[in-house]
Amino acid sequence: MPKLIITYPNFPGSNIINQEYSDPLGPLHIGTWLKNKGFGVVIVNCVLDGNWKQTLLKEMMGAAAVAISAMTEQTPGVLEIAKFVKSNSRLPVIMAQVHATLLPQQCLESPLVDYVIIGEGEIATEKLMRYLSYKEGELSQIGAIGYKDKDGKIYINTQREPFNFEDMPLVDYSLLGEKIFRNIDKYGVGVLTSRGCPYGCLFCINSVIKENRIWRAWSAPRVIKELENLASFGVKKIVFWDECFFTNKTRVLSILDYLEKNNIKIEWFGNLRADFFRPDYMDDENFLRRLENNGLRWVSIGAESGSQKVLNYMAKGISPEKLLHTAKLLNKTKIVCLYSFMIGLPTEQPDDMVATIKIIKQIQDFYPNAKFAGPQFYRPYPGSVMYQECLKSGWKPPSSLESWA
């Protein structure tokens, strides 16, 4: 059985190396899809595995390729893994996830990278594995990949075969490894029930990746199947990592009905937007109370800025007043909200930054249980409107995979 090793690089300065659980959902979804199609899959999570080189060396025996799933922040880890693979084998290296999607040409210019997967990877990775394992098909006919010929010439296939997210099999959490899987009931398990986002915030990665501009979600029955699967393992805590779990209220209500009808006791987390706090949705204290009674313990709101000018510039679609409104309502519950902020955006002035600091203080005054992420520095994603603004201002982006690292 042809085998793919999917590696998940460490983060620079990571302080979670001693945690027993992290949730690399991209590798989990790709791995589940490939196993369902008859391939062997091993995930090597370098965040948790302090001996990942020994693990990788052992698993490379008999493998068809090594894939690296990486966000831009993980590029130092990408290079370390790729160098190790090339020094110890002749296996091809496949790079996937956000950085490869945004900069496929640049990634392939590195001698350490043989293929890239662009965007959602289930179908593209399956077809690439069929090519590498069985010489099935032609590289030129595999959509959403990049590759090099024997002379080093780079080809980028932009065509894409549509992927129906509803077709995803039940996620195979055994891919997390024996130590994690046998203790999965002790951890907050990551679940992704939707992809993309219907909102157009200009700073966000979803504004750059075309397929992510549309919200595609599992139906309520499909989500419930996943919850039943996790419940069979004794899981009690779930982290819904959807960009915006609460986008469809009807779906949320159906999930609540299921939890109540079956007396399912879980604690869970979900992301939502400040503008969901309106009379027909979160402003309903009965609805908030129902969410709380059915296990909602933590939420996260992308607040971004305390300046209306900056919020308008980034097309966030909210106001500072709306942020304060969320704090007043959530303070009536035991639900803990993490508000994330950023700073250092194009057009931002010192008074805008002061407004951000002030609103953090105001939220905390209204809602003592509130938590805060940031203000974090703005990260310009290639292809975005704000990225072009950064270039105009004189910023010089890294010109290679190595310089990004």
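How do the axes of helix α8 and helix α9 cross, and within what distance do they come? I opened my notebook with that one.

**Ground rules**

I am working from a predicted model, where local features need pLDDT of at least 70, side-chain atom pairs count only at pLDDT 80 or more, and totals for chains, interfaces and linings use all residues. I number residues from 1 along each chain as its sequence is written, and side-chain values use heavy atoms, with hydrogens and water left out. My helices (H or I, at least four residues) and strands (E, at least two) are DSSP runs, numbered from the N terminus.

**Entry 1: two helix pairs**

I looked up α8 (residues 220–232) and α9 (residues 249–261) and found that their axes come within 9 Å and cross at roughly 40°. The axes are lines fitted to C-alpha atoms, for helices over the stretch in contact, with angles from 0 to 180 degrees between N-to-C directions. That angle makes α8 oblique to α9; under 35 degrees counts as roughly parallel, over 145 as roughly antiparallel, 65 to 115 as roughly perpendicular, and the rest as oblique. From α8, the contact uses A220, V223, I224, L227 and E228, and from α9 it uses R251, S254, I255, Y258 and L259. Contact here means heavy atoms within 4.5 Å.

Next I checked α12 (residues 320–330) against α13 (residues 350–366): the axes come within 8 Å and cross at roughly 25°. So α12 is roughly parallel to α13, and this crossing is right-handed. On the α12 side I listed P320, L323, L324, A327 and K328, which meet I359, Q362, I363 and F366 of α13.

**Entry 2: the faces of α2**

Which residues of helix α2 are buried? I found W52, L56 and E59 in this helix, which spans residues 52–59. Buried means under 20% relative accessible area, exposed over 50%, and partly exposed in between (1.4 Å probe, protein chains only). Seen down the axis, the buried residues fall within an arc of 70°, so they line one face of α2; the arc is that of the directions from the helix axis to the C-beta atoms. Their cover includes β1 (3–8), β2 (40–45), β3 (63–69) and α3 (75–88). Exposed Q54 and K58 sit on the face turned away from the buried side of α2.

**Entry 3: an open sheet**

I traced an open sheet of 6 strands in the order β8-β11-β12-β13-β14-β15, with parallel pairing. Two strands pair if DSSP finds at least two bridges between them. The edges are β8 (188–191) and β15 (371–377), each pairing on one side only. From one strand to the next, the twist averages 20°. I counted 6 bridges between β13 (residues 296–304) and β14 (residues 336–343), and I301 has Y339 in β14 as its bridge partner. In β15 I also found P375; the peptide bond from G374 to P375 is cis, with omega near 5°.

Q97, in the loop between β4 (93–96) and α4 (98–102), has a positive phi near 85°. I have Q97 down as partly exposed at 28%. K135 has phi near 55°, a positive value in a residue other than glycine, and counts as exposed at 58% relative accessibility.

Terms used:
A crossing is left-handed if the near helix is turned anticlockwise from the far one by less than a right angle, and right-handed if clockwise.
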